[in-house]
Amino acid sequence: MYISGNFKSIKDVDYQIVITDGDMTKDVKVIGEEGLFFSSDALSVETNTTDTFDTIIKTSATINLISDSYVGHLLFGNNARSISVSIFKNNAPFFFGYVEPATFTQPFASVYDSFTVNCVDALSTLENYKYKGITTKEKYDNFKIDANTISFHDIMISSIFKDLLNLDKIKNSKTHIWYDGSKGLDNQSVKNIFKNIGISESYLIGDECDDVMSDEDILNEILQYLNLHIIQIGCDYYIFDWDNLRKKNTKWYDLISNEEKTEKPISQTLTEDMYSSDDGNISIADVFNQLILTDELKKQENIIESPLDDDSLYSLYKSKQLFMTEFSSDGQGDSAWDAFMAGVKGQSTTYDAYKETDWYLQVVESKNWKLKLLDKKPLTSIYDKENNLYVNQWKVPKYVFDNSLTPCLISMGSVEKGSKATDNSVINKIDMANYLVISINGNEKSNPNESFPSVSDLKTHQGMIEYVGKSSGAVFSPVDDVTTNYLVFSGKLLLQPIVRESIDKKTLSELSAQSYPFLTMRAGNYEKIRQYEVAKYSTVTTDKNDDGRYYTRKWYTTDNNYIKNDQSLTPWTKDKGPKLFEFKKININGKDEEIDTISKLPILECELKIGDKYCVEVQYNTYSSAKDDTIYAWVTKDEIKKGGMKFLKHYNITINLDELKYEDDEFVDDGWHEGKTTWSHTMSLGVNPKIGDKLIGQEFDLQNNIDYTMNVDEEGTAIPITREDNLVGKVSFKILGPYNGSLYQDTYYRHRTWFRRRKLVSGEVPLLPYVQNIFIKEFECKIKSDNGKTNIKGDSDLIYQSAEGDKYVNKKDDITFKFITQLTADEAVRKNVDMGINLNAVINMTTLLPLTSIYNSVSNETAKAEEHYINSYYNEYSTPKIIFEVSIFDSENFDFRNIYNIRALKKNMYITKIQYNCMDDSNTLTLKEI
């Protein structure tokens, strides 16, 4: 569709209008021909502002036509940019925009019907478009993985103005985005302010798809933060500070082409003979004795979203299912044995120490985590599907059991039932808990040449769990040197022992010659025992009594048929099974001393990366003292490979990065190997056992290295982040696999390479071969700050305000900044604000630190953006200023960049609003006193 036409105003000004949907070959119409004409008031154009607080100054146009036929099928806009409108004044671009969507009406009262085409400028359409076009959950989920820190310039060019810069349909229409250079990091960088500062994309897209900010909202926040405004004139955009326009000269910089131009504002006197009517209106602009600005604080907390959080979990299976039944009879004598045999056969018993436990399971997925098989395919690739529904849920835990070093997410709960003859009570609720499980299925062999999992097993499975949730893309380093921020990992871990069952007579005789030098246990076997010809005294270890218990299990398929002569995943059993390997006293100088010499026993090896920097343990606990002497450094890949010395201000030590290098006989193509040389770039998460704890079979919290002197209100493994770390950008986190380097004897040892262990020394036992599964629950990672060791319990809002005058009683307190300036510790104390770490803090892209101030070329001052804003508007609104509304003939091209002297008022004023009547050449101006 292509509709065009020309008309001339009373004073012979030529106007041309072009309306098109992009296809200029179909439905071609000329206004003035074929029953389509301009009406007497053909065109009016108006800027829509309320006051100078408005950041985005929008313009609208109305085109009035007369037609003898229906044209709604041509002029009804389906979306905000489906039909473009170009208006030229004396062949120069005067207005560019779009037909306002879904607003066309046309009467049918006579042969010729008059109707109006409502148009809005391109700026006005920004409210209809989301950042980066993110409108669906799929787009949101894909984008959040790569969300990063982005400069204001890239936001504007790559998203906001992306579809508005290509105006090939408009003749002579090279588009410019002119900026007046009023702000900068300093007085030498005013042209690059939009490139020099930025924000986290994670804040722009919010917590859910519906939270994604519109292009208009983002542009408004960018400009408001810098106290700038934007107006569209023709095909060009002007970004300016009202105060700056009143200078003698304004230098403009094009954000697209880097062109520059200098304009001297025209000073024009409005005389009585220029007025188009006698109607003039004088009023007093709003006067405020105090301005109050509130920073909206979007505090960062959960940096790595938990894989076990209910809000992020979903299941491809319709419900939980009965997964397993445990049959357990405590004791070793006849009563225990008889009750056990009755129970497994479905008969009743009156033995109080007999229990049956039904386990229910539902396989779940996390939208924020990816679980990988050996071939790096997702775990979901092995799921059965019929008629577009996922079926055979029981096969998933069975697969995890059969394929060691496979991760899965499960929701699991149990119901414990007593002896059937004495307890027929009804249980009406199953408490389900979420777990991240890594199957191990160790073979209980200590010899490195025989034990499972082996070095190669761990290496080939590395990278099994990856966080793909919303990347923060924010700044993590504090503003000042006195503050330390911390990433704090917390959760619970259980190394599950290999769970044994009571066995039949045949298996018992086969095992009688075997020995178990490292396990205190009764004879038993966990492999393929479902015959229930159980021998007396074939009890297995339990916490509850020294005699143990008779014990076996049934695993079920979908139809509640049990899996014969085979097993599946073993549930979390923290208080019923055996507990192995006591953490005990050590021998010092020939004496046994109960001294806790370990602060972290590694369980999981992880890769943590923020921006381009990896968190690396450059020094780890040597087990020589109870103090945690682990040292974390944030280093780039180039720094790690280059090696050399690096000073860590937080620890006040110099480290040798060459110590991260080691020799590896097996080449692995993962970017960290060159020949036999390998560089370590990982960190570990583990637990801190105390004397008497059992390493296998006992639940532990993740190691806590936060003491009372750190001023961090949290428990867990804290990794420090300092100002010198310059930590900003996308968060990447992987659990590479179970740690293999910890050996048990009187002391503990860890190898530099997480999947290796040192040569076996007599009396030492590797832990992983004695583990069935690793269970992880309540896992999360938060960011905390020590707030410069201050203890602020102040307001939750960050407020800036001007001085309060005594002549007026009128406050303006509805100003809110969503993009904010992060405070230093001292500033937070003065403002009595618990600052924390904020996702919406503006970032200095040149230092990768939170922005602390900007330069204002108008006032020649450096201050926080909020302070510039308050000062500027207080100066403007604290004293009465005249508003003058008047109609003027269009003998001149009136422009917001010019200054107008009103002779009758003896005032210099500037235009804040214009309404053009293009047929009679009159303009209604709203001017404000300077």
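Predicted model: local features only at pLDDT ≥ 70, side-chain atom pairs only at ≥ 80, totals over all residues.
How much space lies in the largest pocket? About 810 Å³.

The largest pocket has a lining of 42 residues. Those that lie nearest its centre are I233, G234, F894, D895 and R897. Several elements give two or more residues to this lining: the strands β4 (36–48), β5 (56–67), β7 (92–99), β13 (229–233), β15 (250–254) and β63 (907–917), together with the helix α7 (242–245). As for the class of the lining residues, 20 are nonpolar, 11 are polar and 11 are charged.

Let us now follow one of those lining strands, β5, through its pairings. With which strands does β5 pair in the antiparallel sense, and over how many bridges? One partner is β4, which is joined to β5 over nine bridges in the antiparallel sense. Within that pairing, F37 has I66 of β5 as its bridge partner. Another antiparallel partner is β8, residues 113–121, and here the bridges number eight. In this case A61 stands opposite C119 of β8.

The pairing of β5 with β13 is parallel, over two bridges. There, I57 stands opposite I231 in β13. You will recall that β13 is also among the elements that contribute to the pocket lining, and that I233 is one of the residues nearest the pocket centre.

Strand β9, residues 149–151, is joined by three bridges to strand β12, residues 197–200, and the two run antiparallel. T149 has S200 as its bridge partner in β12. Strand β12 is also joined to β57, residues 843–844, by two bridges, again in the antiparallel sense. In that pairing the bridge partner of I197 is N844 of β57.

Now to the helices. How do the axes of α3 and α6 cross? Helix α3 covers residues 152–160 and helix α6 covers residues 215–225; their axes come within 11 Å and cross at roughly 155°. An angle over 145 degrees counts as roughly antiparallel, and the two helices are therefore roughly antiparallel to each other. The crossing in which α3 passes α6 is left-handed.

Finally, I would draw your attention to two open sheets, each of three strands. In one, the order is β11-β59-β60, with antiparallel pairing. Its edge strands are β11 (183–184) and β60 (861–863), each pairing on one side only. Two bridges connect β11 with β59, residues 854–856, in the antiparallel sense, and K183 has N856 as its bridge partner in β59.

In the other sheet the order is β42-β44-β43, and the pairing is likewise antiparallel. Which strands form the edges of this sheet? They are β42 (661–663) and β43 (673–674), each of which pairs on one side only. Strand β43 is joined by two bridges to β44, residues 677–679, and these strands run antiparallel. The bridge partner of E674 in β44 is T677.

To close, I return to the pocket: about 810 Å³ of space, lined by 42 residues, with β4, β5 and β13 among the contributing elements. Thank you for your attention.

Conventions. Residues numbered from 1 in each chain as written. Heavy atoms only, no water. 1 Å grid on protein atoms, 1.4 Å probe; cavity = no way out; pocket = protein on both sides within 12 Å on 5 of 7 lines; lining within 4 Å. Points joined across faces, edges and corners; volume = space filled by probe spheres on them. Helix = DSSP H or I, 4+ residues; strand = E, 2+ residues; numbered from the N terminus. Nonpolar A, V, L, I, M, F, W, Y, C, P; charged D, E, K, R; others polar. Pairing = 2+ DSSP bridges. Axes fitted to C-alpha atoms, helices over the stretch in contact; angles between N-to-C directions. Parallel < 35°, antiparallel > 145°, perpendicular 65-115°, else oblique. Left-handed = near helix turned anticlockwise from the far one by under 90°.
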